[in-house]
Amino acid sequence: MRILVIGSGGREHAIVRALSAETGSLHAAPGNPGIAALAETHRDTAAVPEQIVALARKLSPDLVVIGPEAPLVAGAADALRENGVACFGPDAAAARIEGSKSFAKQVMAEAGIPTAASFTCRTAAEADQALAAFGPPYVVKDDALAAGKGVLVTGDLEAARAHARGCGKVVIEEFLDGPEVSLFAVSDGVSAVPLLPAQDFKRARDGDQGPNTGGMGAYAPLPWAPADLAGQAIDRVVQPAIDALARRGTPYRGLLYAGLALTAAGPKVIEFNARFGDPETQVVLDRLASPLGPLLHAAATGGLAGVARPLWRPGSAVVVVIAAEGYPEAPVKGDKIILAERSVAREAGTARTGAGSAHAQESEGPHAYVLHAGTARDGAGELVSAGGRVLNVVGSGADTGAARAAAYELAGTVQMRGGWYRRDIAAGQ
């Protein structure tokens, strides 16, 4: 297949890395310097519907995979399908399940999906009433897209009120106690296939302190999670959501991400996303032993019933995010990045193995590699930081401890002024 991947982050690098083992005709737009080693990049194509369609007309891909949420909410998948292009990603109407927290709550109520009680608030007075009704810890969510930073969980009432006022329309809900899990499911609009559950770390600092971020690390699988967690999530959460959206006339074709809290009363939905999670994708795809492309194509074309279910490699994966100085508030860009010879060798040695060459990787024992998330080339061709989350260091090993050790060993060789990362990703797991 000729495949076009839309996006420029670590999630897209992970997707491209997996697909690169399966096809020799791989394109990415706009891509990044790491992706450019695996696919033909189209740096002048922005991730907006009209430019995506124009590039698709030029390339005639068999499949377009849309990574970020913004082009999905803007209607990129609609535009591609109107032009006869198979697209892995939901139409704008279905992508509202991420684009609007209040819409997601409506779908969950309609489908009987377990979630936190909530109020949608449009005024400061309504927000104050909702905060008083639930009490601390306060959970305040921007109704619209906010790049993973629109949620505040705090015991500080004034901070909660300020966040609500800054967002405008907000969803304020009860706090769900229990460990959080990310469950991805691939859907063709009728049925859904679960991927490997993962756990990410959203707070900026060690010990889950500091502000929310897009994610500072993740690991998979989860040895402590119930063995039937994926099945439970499909039956109680994912399939009811898919069915509800189909009844609305907006079939969901793409990746549905369910953020779950494993409460004493069972799994409850914290949030839905309309795309692969970042950085969970990096560890989930590291564990994938079966081809990714046919699975995504089957979802895009309504053929999931005829494709084999995913197979998973034994062992574990851990990803550590290296962030820029000032992230998440005001990340500094343009700092030079030096990947040590050892780190470059490891990246080059594993970059093309992908999901289709699991046995080759397993024979190497613990190893690690770098995925680019927020990088660019400067005028002199040097690799520099270009975003808040700059690099993803993925470690793979026989268990979580081995994978974690490999990731941190390689992360310690990366040189970037002001670069930093959490030291406790997957600690004690």
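In helix α8, which spans residues 157-167, the buried residues are A160, H163, A164 and C167. Because these residues cover an arc of only 100° around the axis, they lie on the same side of α8; the arc is that of the directions from the helix axis to the C-beta atoms. Buried means under 20% relative accessible area, exposed over 50% and partly exposed in between, with a 1.4 Å probe and protein chains only. Helices (H or I, at least four residues) and strands (E, at least two) are DSSP runs numbered from the N terminus.

The model is predicted: local features need pLDDT of at least 70 and side-chain atom pairs count only at pLDDT 80 or more, while totals for chains, interfaces and linings use all residues. Residues are numbered from 1 along each chain as its sequence is written, and side-chain values use heavy atoms, with hydrogens and water left out.

The buried residues of α8 pack against α7 (124-134), β7 (138-142), β8 (151-154) and β9 (170-173). At the N-terminal end, α8 is capped by D156, with a side-chain oxygen 3.0 Å from the backbone nitrogen of E158. After α8 comes G168, with a positive phi near 85°.

Helix α6 (residues 101-111) has K101, S102, F103, A104, K105, V107 and M108 as its buried residues. Their cover includes α5 (92-99), β6 (118-121), β7, β9, α9 (229-247) and β17 (266-273). Just after α6, the phi of G112 is positive, about 70°.

Zero disulfides are found in a search of the whole structure. A disulfide is counted as a pair of cysteine sulfur atoms within 2.5 Å. For C121, the closest cysteine sulfur is that of C167, and at 11 Å it is too far for a bond. C121 is buried, with a relative accessible area of 2%.

In soluble globular proteins, nonpolar side chains tend to be buried together. A nonpolar core is here a set of buried Ala, Val, Leu, Ile, Met, Phe, Trp, Tyr and Cys residues joined through side-chain atoms within 4.5 Å. The largest such core holds 44 residues, and I66, L80, I97, V238 and F272 have the most contacts inside it. Helix α9 gives the most to this core, with nine residues. A second, separate core has 43 residues, among them V65, V186, L285 and L371.

Contact means heavy atoms within 4.5 Å. With neighbours within four places in sequence left aside, the residues in contact with I66 are I6, P71, L72, A76, A77, L80, C87 and F88.

Terms used:
Polar contact = N/O pair within 3.5 Å; in protein donor to acceptor, adjacent residues only side chain to side chain.
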